[in-house]
Amino acid sequence: MAHGHMIPTVDMARLFSRNGVKSTIIMTPLNAPLFSKTIERESQLGIEIGIRQIKFPSVEVGLPEGCENVTSITSPEMSPNFYKAIDLLQQPLEQLLEKERPDCLVADFFIPWATEVAGKLGIPRLVFHGTSFFALSVYDSLFHQKPYKNIKSDSEDFIVPNLPDVIKLTRGQLPDHIREETENNVTKLIEKSLKSELTSYGVIVNSFHELEPAYSEHYRKVMGRKAWQIGPVSLCNRDNEDKAQRGNKASVDEQECLSWLDSKKPNTVLYVCFGSVSRFSTAQLFEIAMGLEASAQQFVWVVRKEKRNEDEEEDWMPKGFEKRMAGKGLIIRGWAPQLLILDHEAVGGFMTHCGWNSLLEGMTAGVPMVTWPLFAEQFYNEKLVTDVLRIGVGVGAQEWSRWTDDNKVSVKKEDVTKAVTQLVAGEEAEKMRSRAKVFQDMARRAVEEGGSSYSDLNAFIEELRLFWPLLCFVLFALALCL
Ligand code: UDP
């Protein structure tokens, strides 16, 4: 129940259905309409995808009515209740599956009880991870080796052990549940989810082999998981309508946005977006504005800062900023048609919070990135981009933080300007751009007929097709032996 998980899940269901598997997506009432147009367009192409709804018990657990998505969690105190509500979905899901009788259940990593639910029906449960093999490998190493334990300060580097590359992090860049080593609802959820992953049938990952070959091998051989790589799933969105209406209604007119980009030369616009959940303080937004202006780059900047009322002054914006930036910078307040923007030839760089979907979408668009991780596994993903693939420049973010107070500035305007300038005109700029183009080609080839993700998807579907005949055969053979 977060855009970063629902969007790729829906794309994945579309891929299954396009490959002849009947897919049904289970959603809650306020999230389902976000995808109804996408599903309708698939059905116009003759591709059947069902949607079933389960009521989300927000009020029952003390959340406000309508709080059904992580974007509606506005304070740390709300999180435990949100997880409680997710747990309450177990019984209605069991009842629904009893009725629907699917052959297989694919459920997000953060729904640990899904393996048990599938087990009751005797069907395989697949785990869907909304992140990279790289991040999963880093997490596994941190979890088992705890290399941060004897480090003196939050800013001192340590090496993440037993990985294919030398990856350095600081304790300050780790999630607070790892750093503090206290048991809370997040640690309990992750522990349960990891256990449930180990007893599941296997794992589906939105990534492609050529992007992180050493880590997909590490995940399978060293960590011992059975996995299929079927991404980038966003590539199933081919026309502009699909790209523009993905996971939410855009806050900008699609044509207006395209005309603005059409008026720019290729590779001259920086796209700045920090995903669906993160929010910056007023003071930090002000620094970004000043930093972008000083960089003299053209930009599209997505700002998620609700006004309390129509007349409220936007105090995050430097005086006269929008006027000065007219024709040079486009500000989208709310939700941007991200795929549409990234895939436009005018866009030549992406400032991102390193959410996995955004990174993959940036890669498939072939643009180098300015990385600005904030929380979740974003600091690990940053290392993949800057240190392993070498297609990005870090803005210098040092501190993992899910919540921010309104005066906090963690990255100064000079650092924003410096990173943007390095991305477009630094010593490595051209090399980064050409490496990014190589990954773009690889990503596109991976999902084409005969490509690595195409083959993995087909192998997965084929294995499931054989699952039932094979199970019947084994049971029959066992019966004979008895
Ligand atoms: N997204 C979008 N418009 C926005 C913000 C986000 O289309 O204004 C999409 C983006 O393309 C991606 C997803 O929302 O598919 C965000 O997922 P990601 O993993 O990048 O970050 P999260 O939101 O989970 O932090």
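How far apart do the C-alpha centres of domain 1 and domain 2 lie? They lie 27 Å apart. Good morning, and thank you for coming. Before I go on, please note that this is a predicted model, in which local features need pLDDT of at least 70 and side-chain atom pairs count only at pLDDT 80 or more, while totals for chains, interfaces and linings use all residues. Residues are numbered from 1 along each chain as its sequence is written.

Let me begin with the domains. The domain assignment of the chain gives domain 1, residues 3–230 + 448–477, and domain 2, residues 247–441; such bounds come from an automatic or database domain assignment. Across the boundary, 29 residues of domain 1 are in contact with 23 residues of domain 2, where contact means that the C-beta atoms of two residues, placed from the backbone, lie within 7 Å. On the side of domain 1 that touches domain 2, the elements giving two or more residues are α1, α6 (133–145) and β6 (168–170). Helices (H or I, at least four residues) and strands (E, at least two) are DSSP runs, numbered from the N terminus. The largest share of that side of domain 1, 5 residues, comes from α1. The residues of that side divide into 15 nonpolar, 11 polar and 3 charged. In this scheme Ala, Val, Leu, Ile, Met, Phe, Trp, Tyr, Cys and Pro count as nonpolar, Asp, Glu, Lys and Arg as charged, and the others, Gly among them, as polar.

I turn now to the ligand. Which residues come nearest to the ligand, of the 20 around it? They are Gly 4, Gly 275, Ser 276, Gly 355 and Ser 358; a residue is counted as near if its C-beta atom, placed from the backbone, lies within 6 Å of the molecule. Two or more residues of this shell come from each of α1 (3–18), α14 (338–342) and α15 (356–364). Helix α15 gives the most, with 4 residues. By type, the shell divides into 9 nonpolar, 9 polar and 2 charged residues. Both domain 1 and domain 2 give residues to the shell around the ligand, so it lies between them.

Among the buried residues of α15 are Trp 356, Ser 358, Glu 361 and Met 363. The helix is followed by Gly 366, whose phi is positive, near 75 degrees.

The largest nonpolar core has 114 residues, of which Phe 128, Tyr 271, Val 272, Val 300, Ile 341, Leu 342 and Val 370 touch the most other members. Such a core is a set of buried Ala, Val, Leu, Ile, Met, Phe, Trp, Tyr and Cys residues joined through C-beta atoms within 7 Å. Helix α1 gives the most to this core, with 7 residues. Domain 1 and domain 2 both contribute residues to this core, so it lies between them. Setting aside neighbours within four places in sequence, Val 272 is in contact with Phe 299, Val 300, Trp 301, Val 302 and Met 351.

Is strand β4 (residues 125–129) largely enclosed or open? 5 of the 5 residues of β4 are buried, so the strand is largely enclosed by the rest of the structure. Both of its faces are covered, with Arg 125, Val 127 and His 129 on one side, and Leu 126 and Phe 128 on the other. Strand β3 (residues 105–108) runs parallel to β4 and is joined to it by 4 bridges; strands pair if DSSP finds at least two bridges between them. Leu 105 stands opposite Arg 125.

Finally, some points in the loops. A cis peptide bond, with omega about 0 degrees, joins Gly 231 and Pro 232. Pro 232 lies in the loop between β8 (227–229) and α10 (240–244). Arg 101, in the loop between α4 (90–100) and β3, has a positive phi near 50 degrees, although this residue is not glycine. Arg 101 counts as exposed because it has 8 C-beta neighbours inside 10 Å. Thank you for your attention.

Note on methods
Buried ≥ 20, exposed ≤ 12 C-beta atoms within 10 Å, placed from the backbone.
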